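Notebook open. Today I look up charged side chains and how they pair.

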Amino acid sequence: MGVPQAMETLSERAASIRESLQKSQTITDSMVAILGSFDHRLSALETAMRPTQIRTHSMRRAHENIDKTIKAAEVILAQFELSRKAEAKILRGPHEDLESYLEAIAQMRSIVRFFSSNKNFKSSSGVLNHTSNLLLKAMSKLEDEFGQLLTNYSKPVEPDRLFDCLPNSLRPSATSTGHKGDASGKSHSDHQNKRLEAAVYTPLTLIPPRVLPLLHDLAQQIVLAGSPQQLLRTYRDTRAPALELTLKKLGVERLGKDDVQKMQWEVLEAKIGNWIHYMRIAVKLLFSGERKICDQIFEGVDSIRDQCFAEVTANSVAILLSFGEAIAKSKRSPEKLFVLLDMYEIMRELQSEIETLFGSKACFEMRESALNLTRRLAQTAQETFGDFEEAVEKDATKTAVLDGTVHPLTSYVINYVKFLFDYQSTLKQLFQEFDDGDPEDQLASVTTRIMMALQNNLDGKSKQYKDPALTQLFLMNNIHYIVRSVRRSEAKDLLGDDWVQIHRRIVQQHANQYKRVSWAKILQCLTVQGLNSSGGMAGGGDSSGNSGLSRAMVKDRFKTFNIQFEELHQRQSQWTVPDSELRESLRLAVAEVLLPAYRSFVKRFGHVFFSTYDSFFWISFLFTCIYINGFDFYCRPMIENGKNPQKYIRYAPEDLERMLSEFFEGKTWNEQKR
């Protein structure tokens, strides 16, 4: 194809394109015109529809509001229905069905919360006033119910019920209550039994378990109503009198220092023994029981729980502790040491439980009062212990022990010391509280000083005797009693074997001194010394050569012996050696010295009472002697002549032996004559 032809073809095509474009523009203009017409029509339509739309929207909103109002009304009506039902239950009171009553109160509180958050309701204000007043009445009835229910089950506990909860060893016997006797006769069986038996206490039920949940629910509702203090007062005013009356029935009484000072010791000691039992019962049973029910009733109400317990028990604790304080502050005396130690022991025994029961801040004063009493008792006991040592040293009682037996002071002190060893652990605890030294060494030191003080006092009392022989007998009896008692007690372990052996030797020394002082003079009568006359030797001749023998002096010797022995027998038969072994030992020691000397003297000088013409009778007399004890003779003239030898040789050796067996029996003169 040539160029012209190509150009022509191209021109044709361009013309065709221009024509197509013009047609498209014409169509576009037509569409624009048509669309413009539609927009105008739609705008007019929208304008025409707007009122209808507005009315439709208003109707829809009206329907929504109506639905909301209906629903709100239904809710309000439901609240009114609930209120009506709850009010009916509340008006009936809590007696019939306490659980439903509490549910009604909870419902009323819910209604109050509902109308408080919807105060725009016209009826809200009226409903709130009515419901609040109803709740006030309901809470008043609830408080009354709590008080009435608590009162019904807050009766005082009878003593027998309390005793049944004690371990067997701590239950009072039918014949005694408390401690009897004094330091010289006091029984510590209770004290020992308490240590031996594991104490098992039966928990005391103060309020039936089935009632406690009801009281708990009531307490919670009252606290929720904003009346915790009223609840506390109700609880205190109900439980405290019941507790105090329980203690009163048991025997607890408020006693002060002046009351204690006026009492006879026997009465006071019994009251102290009872007080110890009361403290155990109060802490382990009553206060423990009160703590338990208080915790259960006020569980979840921590704001007043501890305060309730504190106020219920405060007066009872004060009454109990006041007696202990009065004893601790009263005038000290030796016999009070044991009861002070008993009181100190019980306070120490109960200390951990007291700290647990009264551990809260609300109970601080009671806890401190108990602790202070424990300290005061410890201090008074230690001071009393010191007073005792001084009192033993300075005891100036004029009690006369005429027969030389064991002095009452000796038996009192020894029993006192023996009883102290029942309290070894307690005494050691006391020493530890006031000193850092070894408590066992301190106890040994105190015991040794008391023994020394006693011996010093006995030395002084022995000087009251005019007869030196009785002085030695008195010291022998008392030191022997001390040694024997120590050997049979726990004091031996502290004082030691050396102490025992030393004092046994002291006993023997006094026995030897007694023999020397009492019998030396009479034994002098049975010696040959001084029996020779100016021209011969005593006993040196026979029947034909005894002119040198002082017959008169021999007679005088026998006469003097008889007089002195009879005086000794009369006097020393009234003396006493209470220990049978010591008594027989002393008699034997005297007999071993006296009887051989007497036999020998009679054998040697008995013939001087016979003349030369009486030699036949003297020989017969010798042959009638009876062999005694396998080693010697005793002689009794079997005939009488004008010389009357029985006037001088009054006793055969067996007579002396029989009479020696009557020494130290404590017989009166009338008994001896019979």
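The term means a side-chain nitrogen of Lys or Arg within 4 Å of a carboxyl oxygen of Asp or Glu. This is a predicted model, where local features need pLDDT of at least 70, side-chain atom pairs count only at pLDDT 80 or more, and totals for chains, interfaces and linings use all residues. Residues are numbered from 1 along each chain as its sequence is written, and side-chain values use heavy atoms, leaving out hydrogens and water.

Entry one. I looked up Arg280 and Glu349, whose side chains meet in a salt bridge at 3.4 Å, N to O. The pair links distant parts of the chain, 69 residues apart: Arg280 is in helix α9 and Glu349 in helix α11. Helices here are DSSP runs (H or I, at least four residues), numbered from the N terminus.

Are the two partners buried or exposed? I use relative accessible area (1.4 Å probe, protein chains only): buried is under 20%, exposed over 50%, partly exposed in between. Arg280 is buried at 4%. Glu349 is partly exposed at 30%.

Entry two. Glu665 forms a salt bridge with Arg587, with the closest N and O atoms 2.5 Å apart. Glu665 sits in the loop between α22 and α23, Arg587 in helix α20, 78 residues apart. Arg587 is buried at 8%, and Glu665 is partly exposed at 36%.

I found Lys394 in a salt bridge with Glu390, at 3.1 Å between the closest N and O atoms. Both lie in helix α12, four residues apart, so about one helical turn separates them. Lys394 is exposed at 59%.

Technical notes:
Helix = DSSP H or I, 4+ residues; strand = E, 2+ residues; numbered from the N terminus.
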